[in-house]
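Here are my notes on the model you passed along. Have it open beside you while you go through the points.

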Amino acid sequence: MAAPDGTLNCEDFSMFQEVLKVMRTIDDRIVHALNTTVPTVSFSGKVDATQTCKELYESMMEAHLSRDKSIKACIAQTSEVVGQLREERAKDDENLTLLKQLRKEQTKLKLMQSELNVEEVVNDRSLKVFSERCRIHYTPPKVK
């Protein structure tokens, strides 16, 4: 899975996706988290909804930032590999093994780039759900 420092495995795309799936758990469970921690109006006296919403928002933002950074790091790393393979291929355009490796890396790069779009959708959905439930309790700082 993820390395202890939270980095993704950029070599193996299926592992890359698996780790992202685990990293997206907070977003997958946002509705449940909000339903179990943010009270309805009738129960609002029992829980500090402002603090709860603030903490949930901060952990959600931390997760979004961490995933974004990890995906972009893998994209940069894979782009570099693609660049190196292109240079090698320019010197030896008859090498089929090299060509296959280049195609494989290019495909992986495209798939990683598409994960940024998935990330945007996941983040937007989570923020929408969050603001629906928490807007009366907590207003997140404006994003720069």
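**Notes on the model**

1. Surface first: the protein chain exposes about 9500 Å², and carbon and sulfur atoms supply 56% of that. Accessible areas come from the Shrake-Rupley method with a 1.4 Å probe, and for residues only the protein chains shown count as cover.

2. A word on the ground rules. This is a predicted model, where local features need pLDDT of at least 70 and side-chain atom pairs count only at pLDDT 80 or more, while totals for chains, interfaces and linings use all residues. Residues are numbered from 1 along each chain as its sequence is written, and side-chain values use heavy atoms, with hydrogens and water left out.

3. The fold reads α-α-α-α-α from the N terminus on, with five helices and zero strands in the protein chain. Helices (H or I, at least four residues) and strands (E, at least two) are DSSP runs, numbered from the N terminus. Of the 144 residues, 32% are buried (under 20% relative accessible area; exposed is over 50%, partly exposed in between, with a 1.4 Å probe and protein chains only). Among contacts (heavy atoms within 4.5 Å) with a separation of 6 or more, 74% join residues 24 or more positions apart.

4. Now the inside. The largest nonpolar core has 16 residues, and Leu 8, Phe 16, Leu 20, Ile 71, Cys 74 and Met 112 touch the most other members. Two or more residues each come from α1 (13-23), α4 and α5 (96-134). A second, separate core of twelve residues includes Val 38, Cys 53, Tyr 57 and Tyr 138. By nonpolar core I mean a set of buried Ala, Val, Leu, Ile, Met, Phe, Trp, Tyr and Cys residues joined through side-chain atoms within 4.5 Å.

5. Ile 71 deserves a click: leaving out residues up to four places away in sequence, Ile 71 touches Leu 8, Phe 16, Leu 20, Arg 24, Met 112, Glu 115, Leu 116 and Glu 119.

6. Which residues of α1 are buried? They are Phe 13, Phe 16, Val 19, Leu 20 and Met 23. These cover an arc of only 120° around the axis, so they sit on the same side of α1; the arc is that of the directions from the helix axis to the C-beta atoms. Their cover includes α2 (25-28), α4 and α5.

7. Have a look at Thr 78 in helix α4 (residues 49-91). Thr 78 is buried at 2% relative accessible area, and a polar atom of its side chain lies 2.8 Å from the backbone oxygen of Cys 74. Beyond its neighbours within four places in sequence, Thr 78 is in contact with Cys 10, Glu 105, Lys 108, Leu 109 and Met 112.

8. Ser 126, in helix α5, is buried too, with a relative accessible area of 0%. Its side chain makes a polar contact with the side chain of Asp 27 at 2.4 Å (a pair of N or O atoms within 3.5 Å; within protein, one must be able to donate a hydrogen and the other to accept it, and residues adjacent in sequence count only if both atoms are side-chain atoms). Not counting residues up to four places away in sequence, Ser 126 touches Asp 27, Ile 30, Met 60 and His 64.

9. Last, the rings: the structure holds four aromatic pairs. Rings of Phe, Tyr and Trp (its six-membered ring) pair if their centres lie within 6.5 Å; planes under 30 degrees apart count as stacked, over 60 as edge-to-face and the rest as tilted. Tyr 57 and Tyr 138 have ring centres 5.9 Å apart and planes at 55°, so this pair is tilted. Tyr 57 lies in helix α4 and Tyr 138 in the segment after α5, so the pair ties together parts 81 residues apart in sequence. Both are buried, and ring pairs link Tyr 57, Phe 130 and Tyr 138 into a cluster.
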